[in-house]
Every structure is written in structure tokens, then in C-alpha cells.
Amino acid sequence: CVGGTTDMALCRVEIGRYCSVGSGNSGGNAICPVGFYCNENNILPKECTCVPGKYCPEGSSTADGIMCPKGSACAGAAEDKIECLSPPGSHCPTGSNHPLGVVCPAGNFCSGGSDDAIQC
């Protein structure tokens, strides 16, 4: 940290960043990795604890994560999102937690995979 201190508690990080070992930047020189969160209360990344259907992308600042984007599936906790593998007739809407998705809603066409439902 600035001034040559070895006391990590003196580092003041920006939201979504942390002070890595040997950092000379008191604002945090590293972006918080996927599956972890970094805020002003923790100097080092902490593992996310989000529920299924959410994930913590790179630069996260809370343990709650964000909603899984459509076309992906999110197991929760510290897991990254994965591509939807749904068969034809199914899709992965926003907040999906299973890679095989859910049944296509009535009045829609779903080709499967990471494609979104298309209204007929």
C-alpha cells in the first residue's frame, strides 16, 4: 500500500476491487474475480453466497450477486454462469438455475440452446 505500509487494513479499496499482495495502490489494483465480491469492508475477495438463479460476475461488490442473464444457467454460491444447454422446446430465461432450462411458454417458439423464446 501507499507509504510502504504492510498493514492491509490501511488499504481503502474501490467497490469491486481489492488490494492484492504487494499492492502499491491504496484504491485497489485488482478487479474482484468471478464468484467473489469485494467492497470497502473487505480487503481481500470473499466468496459469494448468492442463491440459485444468480451469480457474482467479475467486479461484484455484494455477496447476493445479480440475476442470471437469459441464455445462461446459474447454480448460485460462487459458481460462474454457464451456457444454457436446453433441448428444442425449452429455454433458459433470466434467473435460470438449471442448464436444461424450462419448458417454452405457450405462444412461443424455443429452438433450444442459449436462444431466447420467440413469440409466435
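**Cysteines, serines and local confidence in a predicted model**

Cys120 is exposed, with a relative accessible area of 75%; here exposed means over 50% relative accessible area, buried under 20%, and partly exposed in between, with a 1.4 Å probe and protein chains only. The closest cysteine sulfur to that of Cys120 belongs to Cys104 and lies 7.3 Å away, which is too far for a bond. The structure is a predicted model, in which local features need pLDDT of at least 70 and side-chain atom pairs count only at pLDDT 80 or more, while totals for chains, interfaces and linings use all residues. Residues are numbered from 1 along each chain as its sequence is written, and side-chain values use heavy atoms, with hydrogens and water left out.

The confidence of the prediction is expressed as pLDDT, the predictor's value for each residue on a scale from 0 to 100. Its mean over the protein is 85, and 80% of the residues reach 70 or more. Among the elements, strand E1 (residues 17–18) has the lowest mean pLDDT, 80, and E5 has the highest, 97. Over residues 1–5 the pLDDT is below 50, and this stretch has six contacts in the model beyond near neighbours in sequence; a contact means heavy atoms within 4.5 Å. Where pLDDT is low, the predicted coordinates should not be read in detail. Helices (H or I, at least four residues) and strands (E, at least two) are DSSP runs, numbered from the N terminus.

A disulfide is a covalent bond between the sulfur atoms of two cysteines. It is assigned here to a pair of cysteine sulfur atoms within 2.5 Å, and by this rule the count comes to five disulfides. One of them joins Cys32 and Cys38, with the sulfur atoms 2.1 Å apart. The angle about the S-S bond of Cys32 and Cys38 is 75 degrees, and the link is right-handed. Cys32 counts as buried at 0% relative accessibility, and Cys38 is buried with a relative accessible area of 0%. A sulfur separation of 2.1 Å is also found for the disulfide of Cys84 and Cys92. The link of Cys84 and Cys92 is right-handed, with 75 degrees about the S-S bond, and both Cys84 and Cys92 are buried.

Cys48 and Cys56 form a disulfide with a sulfur separation of 2.0 Å. The torsion about the S-S bond of Cys48 and Cys56 is about -115 degrees, so this disulfide is left-handed. Cys48 is buried at a relative accessible area of 2%, and Cys56 is buried at 0%. Cys50 counts as buried, with 5% relative accessibility.

Cys38 is placed in the loop between strand E3 (36–37) and strand E4 (46–47). Its C-alpha atom is separated by 4.8 Å from that of Gly16, although Cys38 and Gly16 are 22 residues apart along the chain. Not counting residues up to four places away in sequence, Cys38 touches Ile15, Gly16, Arg17, Tyr18, Cys32, Pro45, Ser60 and Ser61.

Ser60, one of the residues touched by Cys38, lies in the loop between strand E5 (54–55) and strand E6 (66–67). Ser60 is buried, with a relative accessible area of 8%. Its contacts, leaving aside neighbours within four places in sequence, are with Gly16, Cys32, Phe36, Tyr37 and Cys38.

Ser72 lies in strand E7 and is buried, with a relative accessible area of 9%. Beyond residues up to four places away in sequence, Ser72 touches Lys81, Ile82, Cys84, Cys92 and Ser96. Cys84 and Cys92, which form a disulfide, are among these residues.

Ala77 is found in the loop between strand E7 (72–73) and strand E8 (82–83). Its phi is near 55 degrees, a positive value in a residue other than glycine. Most residues other than glycine have a negative phi. Ala77 counts as partly exposed, at 36% relative accessibility.
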